[in-house]
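Work through these exercises with the model open. Try each task before reading its solution.

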Amino acid sequence: KDESKTPESKPQVFFVLGGPGAGKGTQCANLVDEFGLIHLSAGDLLRAERNSGSKDAELINNYIKEGKIVPVEITVGLIKKAMQKNMGIGRSSFVIDGFPRNKDNL
């Protein structure tokens with residue numbers, strides 16, 4: 001039995017860091033193609049959530065409109081939810097971009 005494929009196993013997570021336009025998305029695409037990692041973009045997850053009509057959607061919209069960073073608890077919750085969803089179907093290697101945004105996110 002391959003333990004890396006079970007939902008109970010710990011995920012393997014890589015973070016891609018860099019400023020706007022640094023090529024994070026390009027490098028993540030390369031990692032997905034080369035190693036089969038699941039790409040989770042904090043920005044994509046936040047945009048999807050703000051369009052979902054969930055309880056956090058309005059809060060996320062307000063932060064983004066004001067140009068502020070969305071509270072770390074919300075972003076971490078979205079990343080965790082996406083990871084759990086993938087781990088439930090046997091995918092446990094991830095590349096995350098757009099998080100952490102600053103030292104307060106560590």
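**Exercise 1. Charge pairs**

How many salt bridges does the rule give? The rule asks for a side-chain nitrogen of Lys or Arg within 4 Å of a carboxyl oxygen of Asp or Glu.

Solution. This is a predicted model: local features need pLDDT of at least 70, side-chain atom pairs count only at pLDDT 80 or more, and totals for chains, interfaces and linings use all residues. Residues are numbered from 1 along each chain as its sequence is written, and side-chain values use heavy atoms, with hydrogens and water left out.

- Step 1. The count is three salt bridges.
- Step 2. Arg-47 pairs with Asp-44 at 2.7 Å, N to O. Both sit in helix H2, three residues apart, about one turn of the helix. (Helices are DSSP runs of H or I, at least four residues; strands are runs of E, at least two; both are numbered from the N terminus.)
- Step 3. Lys-55 pairs with Asp-56, with closest N and O atoms 3.7 Å apart.
- Step 4. Glu-66 pairs with Lys-68, at 3.1 Å between the closest N and O atoms.
- Step 5. Check accessibility. Buried means under 20% relative accessible area, exposed over 50%, partly exposed in between (1.4 Å probe, protein chains only). Lys-55 has 75%, so it is exposed. Asp-56 has 21%, so it is partly exposed.

**Exercise 2. A charge without a partner**

Which side chain of opposite charge is nearest to Glu-49?

Solution.

- Step 1. Find Glu-49 in helix H2 (residues 42-50).
- Step 2. The nearest such side chain is Lys-81, 4.3 Å away. Lys and Arg count as positive, Asp and Glu as negative; His and the chain ends are not counted.
- Step 3. Glu-49 is buried and has no salt bridge.
- Step 4. List its contacts (heavy atoms within 4.5 Å), not counting residues up to four places away in sequence. Glu-49 touches Ser-54, Ala-57, Ile-60, Leu-78 and Lys-81.

**Exercise 3. Strand S3**

Which strands are joined to S3 by bridges, and how do they run?

Solution.

- Step 1. Strands pair if DSSP finds at least two bridges between them.
- Step 2. Five bridges join S1 (residues 12-16) to S3, and the two run parallel. Gln-12 stands opposite Ser-93.
- Step 3. Four bridges join S2 to S3, also parallel. Here His-39 stands opposite Val-95.
- Step 4. Four of the five S3 residues are buried, so S3 is largely enclosed by the rest of the structure.

Methods
Contact means heavy atoms within 4.5 Å.
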